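Subject: Structure handover

Hello,

Here is the structure you asked about. My notes on it follow below.

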Amino acid sequence: MTAATQKETRGFQTEVKQLLHLMIHSLYSNKEIFLRELVSNAADAADKLRFEALTRPELLEGGAPLRIRIEADPAARTLTIDDNGIGLSREEAIAHLGTIAKSGTAEFLKNLSGDQKKDANLIGQFGVGFYSAFIVADQVDVYSRRAGLPASEGVHWSSRGEGEFEIEGIDKPERGTRIVLHLKEGEEGFADGWKLRGLVKKYSDHIGLPIELQKEQHGEDKPEAPEWEAVNKANALWTRPKTEITDEEYKEFYKHISHDFSDPLAWSHNKVEGKLEYTSLLYTPGRAPFDLYQRDAAKGLKLYVQRVFIMDQAEQFLPLYLRFIKGVVDSNDLPLNVSREILQSGPVIDSMKSALTKRSLDMLEKLAKDRPEDYAGFWKNFGQVLKEGPAEDFGNREKIAGLLRFASTHDASGEQGVALADYVGRMVEGQDKIYYLTGESHLQVKDSPHLEVFRKKGIEVLLMTDRIDEWLMSYLHEFDGKSFVDVARGDLDLGTLDTEEEKKAQEETAKAKEALAIRIKTALGEDVAEVRVSHRLTDSPAILAIGEQDLGLQMRQILEASGQKVPESKPVFEFNPDHPLIEKLDAEPDLDRFDDLARVLFDQAALAAGDGLKDPAAYVRRLNKLLLELSA
Ligand code: ADP
Ligand code: MG
């Protein structure tokens, strides 16, 4: 026995076993998708062959046209999908049909709940792929030979989808892969010619090479050799005119290239002619892939050059903050032998990248405008990623800012979030700034004392509670000509929103309370940068403001978490002179009691800002002391 013919049994990787089990038990209501998956793989195999043949034309072995054949045998209850693409070597069959290479698979599987409905939903994010054959088959045989290998180095892979698979060497004169599904009892419907025709039309019409079925043959004059006919259009979808492509075709094509199971939210199909010539078809996914935040997650577009597939995940055509966009770009200008290195930069790439970025942003703008509810769904999934935009893509800052959504004091439902344009549209008379507040959680910011004066004047404030919001705002300086103002920062100047009388009154109080400010500063010492009268407060006694140039709480926490040294910064203590507690403080002759009360007010202001206390025990001690005096 030679090595090539040796037969061996191997166990599936644990993850594969789990996936198989799950698929068989949770996708039963959507069985037919297995055909789409297998055809999609066959089409990929043809793409790969064409690509490798660019440098090794002998791989085409004479050059019979590439095609996919689907053959049904109702009597034997088998369904065969045959391609003459790149094929699999023995090692490849073991690696690709026995393991799942995707990073994060184990984690993904841990998230499964056992609730079949939920899991069916999750598995869609993962992409079902080859193993979906076992939804309808209780045995799958794969016969394959890799292009370029001799006929004697074919491989036969076989499994019942339970825990293991068998692999042996075979002779296979024709290059490519032939997958035979032994249909389960009850699934013989999938061996019906009409049904298959319908499924190919439904799921695979967009595939760029012919998918052939046997011609229906009737009566006595049945010819010996089967006759084949293509049932799909067999033109690469993006090369066809937009007007001739149905929504269903766009959606199925998305599933083919993205390995996502669910429909895309939106797409943008464009042909560019002129100095550069290329076609792009970009998609906004309907949901986030399970590995969106993993560093090595799949990103980038599928690159074709003159209709020849070149590579998956060409990352150079879109900025990182648009890494969730899927799609195809087909260039007439790049050389066929383009490599990842060549793609790094250069005028052609740069100009395509900037155009494709704009197309993507336009697609999102249109979605937001025409289908705000769907956009809200998009925002939930990908908003965090888009927020990286202003830092990465200076030139498109304004455009990206228009796509951002925030919670706000004027948006009770909080469902869709507030767009900056909405905010600007309802600014009050005399307002020329966009006000915002950042914090830990919605609960914490929504009742922040910083909002008191805004509430009194009816001015809207955006409430930002994503971890990266403060960082984001350090890159966004204005929108629609209006600058952003963090209401917790600096000496809040409401500009013309305060009347002349109000301003005068503020100055007078500040002067009148100067002595008190100095006493408090003495009590709080080095813990504060400054003490001053506040005009932000109506109900609270005191508040802490962040220095104009200092890092806010979120940024400090991010830096601390990443082990970096956080520059020291001290808050400004602002007090509300009209508050009874401050009046009491002002009237307090006893130095110790003055100190205690001032400290308690300082700690309370820190608590309200979401900051922890340096010495919580001291706070409790002082507060209890004051409470006891109160009841004495
Ligand atoms: P994916 O298509 O997302 O990579 P699949 O589970 O569908 O995942 O397929 C796993 C791998 O098996 C493919 O990446 C490919 O390497 C290999 N494969 C599957 N079908 C074929 C085929 N018809 N020809 C060649 N290789 C194939
Ligand atoms: Mg696949």
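Pro319 sits in the loop between strand 13 and strand 14 (326–331); helices (H or I, at least four residues) and strands (E, at least two) are DSSP runs, numbered from the N terminus. With a relative accessible area of 6%, Pro319 is buried, where buried means under 20% relative accessible area, exposed over 50% and partly exposed in between (1.4 Å probe, protein chains only). Apart from neighbours within four places in sequence, Pro319 is in contact (heavy atoms within 4.5 Å) with Lys353, Thr357 and Glu392. Gly389 is 70 residues from Pro319 along the chain, and their C-alpha atoms are separated by 8.4 Å.

Before the rest, the conventions. This is a predicted model, in which local features need pLDDT of at least 70 and side-chain atom pairs count only at pLDDT 80 or more, while totals for chains, interfaces and linings use all residues. Residues are numbered from 1 along each chain as its sequence is written, chains are lettered from A and ligands numbered from 1 in the order in which they are written, and side-chain values use heavy atoms, with hydrogens and water left out.

Domains and cores

The protein is divided into domain 1 (8–234), domain 2 (238–378), domain 3 (404–488) and domain 4 (497–631); these bounds come from an automatic or database domain assignment. Taken over C-alpha atoms, the centres of domain 1 and domain 4 are 69 Å apart.

The largest nonpolar core has 73 residues, and Leu303, Phe317, Phe324, Leu386 and Tyr435 have the most contacts inside it. A nonpolar core here is a set of buried Ala, Val, Leu, Ile, Met, Phe, Trp, Tyr and Cys residues joined through side-chain atoms within 4.5 Å. Helix 9 (residues 347–370) supplies the largest share of this core, eight residues. Domain 2 (238–378) and domain 3 (404–488) both give residues to this core, so it lies between them. Another core, of 58 residues, lies apart from it and has Ile33, Val140, Val155 and Leu199 among its members.

Phe317 is in contact with Leu301, Leu303, Val329, Leu334, Leu343, Ile349, Met352, Lys353, Leu356 and Thr357, leaving aside neighbours within four places in sequence. Helix 9 itself has 24 residues and reaches 34 Å from its first C-alpha to its last, close to the 34 Å expected at 1.5 Å a residue; the expected span is 1.5 Å times one less than the number of residues. Buried residues in helix 9 include Ile349, Met352, Leu356 and Thr357.

Helix 1 (residues 14–26) has 13 residues and spans 18 Å between its first and last C-alpha, close to the 18 Å expected. Its buried residues are Glu15, Val16, Leu19, Leu20, Leu22, Met23 and Ser26.

The ligand

For His259, a side-chain N or O atom is 2.9 Å from an oxygen atom of ligand 1.

Two polar contacts

His156 lies in strand 5 (residues 154–159) and counts as buried, at 12% relative accessibility. Its side chain makes a polar contact of 2.7 Å with the side chain of Asp141. A polar contact is a pair of N or O atoms within 3.5 Å; within protein, one must be able to donate a hydrogen and the other to accept it, and residues adjacent in sequence count only if both atoms are side-chain atoms.

Glu92, found in helix 3 (residues 90–96), has its side chain joined to that of Arg146 by a polar contact of 3.0 Å. Not counting residues up to four places away in sequence, Glu92 touches Gly87, Leu97 and Arg146.

Positive phi

Most residues other than glycine have a negative phi. Gln313, in strand 13 (residues 308–314), has a positive phi near 55° and is partly exposed, with a relative accessible area of 36%. Asp480 also has a positive phi, of about 55°; it lies in the loop between strand 19 (478–479) and strand 20 (482–486) and is partly exposed at 43%.

Regards
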